[in-house]
Amino acid sequence: MIHLIKLEWRKHQMWRYFTSFFFCVISIYGFVVLISLDSKNDIDAAMGSFHEFMTPVIIFSNITFIIFGSVILSRLIISEFRTKTMEVLFTYPIKRKKLLFAKLTLAYLFTAGSLFAGIWFMQLITYFLQPSLGLFEGTVSFQELVATFPKTVTNALMMGAIALIPLFFGMRKKSTATTITSAVIISFLVNATVSDGGATFSLADVVIIPLILALLGISIAYLSFRNINVKDVK
Amino acid sequence: MNYIIQTHQLTKHYAGKPVINQVSMNIKEGEIYGFLGPNGAGKTTLMKMLLNLVKPTSGDISIQEQPIMASSYTYLKDIGSLIEYPIFYEELTAQENLKMHCAYMGYKDQNHIKKVLDIVGLQQIERKKVKEFSLGMRQRLAIGRAIVAKPKVLILDEPINGLDPIGIKEVRELLVMLKQQYKMTILISSHIVSEIESIADTIGVLNDGELMEEISMHSLRTKQQATIEMVVSDTKKAKRLLEEDFNANVQIMDARTLIIQQVHKKTSTITKHLIMHDVDVDEVETLHQSLEDYFVKMINGRDQYDSFN
């Protein structure tokens, strides 16, 4: 299994996505920092705490990396069906389910991993930049930083699974465009925030909703290749 | 002789219409089986069925005496294949593509990759990305990929498409070499009949999804007796002599030309016989029917009526 994942990594030259990863992280962080610096003198809009500063960072990261995940799914699975390299793969003495499972695992781990690493990296930078830039009111201690760890992990694991939902739409017509479009819609729906000025509400805040969606993502991933052994490859 | 691939009443329907219809074919171990048929006859579909990429509607396949089920996959380790257009990972080089193939096939000998690139004539450009390759180069690489893991069975669908005449000759020699040196069984399809004629041991003719004939080249050659064309001084007398004395089937073409069929005597004997009976023979030509004529006749014989409707 690990052997198959490694082969997928090599075959699709996954290291090239590290550049995209850094580009995403820098853009998200730059954007949020600009907002915070701009609103510093505005008493109403100023960011009150570390948590308030990190909320947009997490929302933007979730959206970005769900779409990022769909790009990887498209490359690993959808485009292999489109270009018919999947047909070549299925002439190897390896169980088809195992081949696809390796691809899904890689896509999942890569998405969840980069989401976790991205958010964690941005939190760490904030910790070092806060004293000099004053991105929000107050300070952040190292303990506070460490305390966010479990939440960051669960968030990454759930969002990684939600990122598998676009597979369902993409596999119907083996379309890369559909996969990515549906990822955009899903990511915005899940992470959208409704605010009446005082209280805010986001679907992602009610833990049960992303949890259900995450389970849905995993089931869809499973259903998309449940019958692969007995189907004609087209 | 053992059969390495056998199908029994193999049928595939697409949207209710048969694409492959009750095909029972038998491929002997170590032979080159030429698969002939016009475009759209179902050659590719049948080959995909052998690789389990397309599942039969009914009928059975057995390869190396193992029945092939919908979920069978271990038997694929002994099969090298090239189906339709050669497909690769475009971003990888020729060498990387072959390495990847070996890794998936579980074949460890890395030195053999270099040797194979050499055999198919791609040693100069092994580090070039496949997306920069021409069709001919892709075809060569695809043949290389099919043989690199030393399979027992080679399934090649139109392997000479896009190759230049030198390439075609090289592939032909390569296939014969693989058969002789590595005892590979080769199933090769083509619509270019003359290419198959020179190397195949057995041919199968597929038309409209049906296997019309499966015959060894040896018995095909014996079956196709030569036709002799003669220019003589007296056609009527010659016809009578040949019919009475040799029991031949003779047709008079024009005032001086005869066509003689089904004669079991040597040409020299016939000529001598005619001259002894005062019939002058000016020209003698022996016409061999090629596989191509045979093939075209077989396909047309069936379709002639249909095509007028």
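Trainee: How many residues of chain A are in contact with how many of chain B?
Mentor: This is a predicted model: local features need pLDDT of at least 70, side-chain atom pairs count only at pLDDT 80 or more, and totals for chains, interfaces and linings use all residues. Residues are numbered from 1 along each chain as its sequence is written, while chains are lettered from A and ligands numbered from 1 in the order in which they are written. Two residues are in contact if their C-beta atoms, placed from the backbone, lie within 7 Å. On that basis, 18 residues of chain A touch 19 residues of chain B.

Trainee: Which element gives the most to the side of chain A that touches chain B?
Mentor: Helices (H or I, at least four residues) and strands (E, at least two) are DSSP runs, numbered from the N terminus. Two elements of chain A give two or more residues each: α1 and α4 (85-89). With 3 residues, the most comes from α4(A).

Trainee: What is the make-up of that side by class?
Mentor: Ala, Val, Leu, Ile, Met, Phe, Trp, Tyr, Cys and Pro count as nonpolar, Asp, Glu, Lys and Arg as charged, and the others, Gly among them, as polar. The side of chain A that touches chain B has 8 nonpolar, 5 polar and 5 charged residues.

Trainee: At what angle do the axes of α1(A) and α5(A) cross?
Mentor: Axes are lines fitted to C-alpha atoms, for helices over the stretch in contact, and angles run from 0 to 180 degrees between N-to-C directions. Helix α1 (residues 2-11) and α5(A) have axes that come within 9 Å. They cross at roughly 65°.

Trainee: Which residues of α1(A) make the contact with α5(A)?
Mentor: The α5(A) side consists of Lys98(A), Leu99(A), Ala102(A), Lys103(A), Thr105(A) and Leu106(A). From α1(A) come Leu4(A), Ile5(A), Glu8(A) and Trp9(A).

Trainee: How far does α5(A) reach from its first C-alpha to its last?
Mentor: Helix α5 of chain A covers residues 96-133, 38 residues in total.

Trainee: Where does the kink in α5(A) lie?
Mentor: The bend at a residue is the angle between axes fitted to the seven residues ending there and the seven starting there. In α5(A) the kink is about 35°, shortly before the proline Pro131(A). It lies at Tyr127(A).

Trainee: Which residue follows α5(A)?
Mentor: Its phi is positive, near 60°. The residue is Gly134(A).

Definitions and conventions:
Expected span 1.5 Å × (residues − 1).
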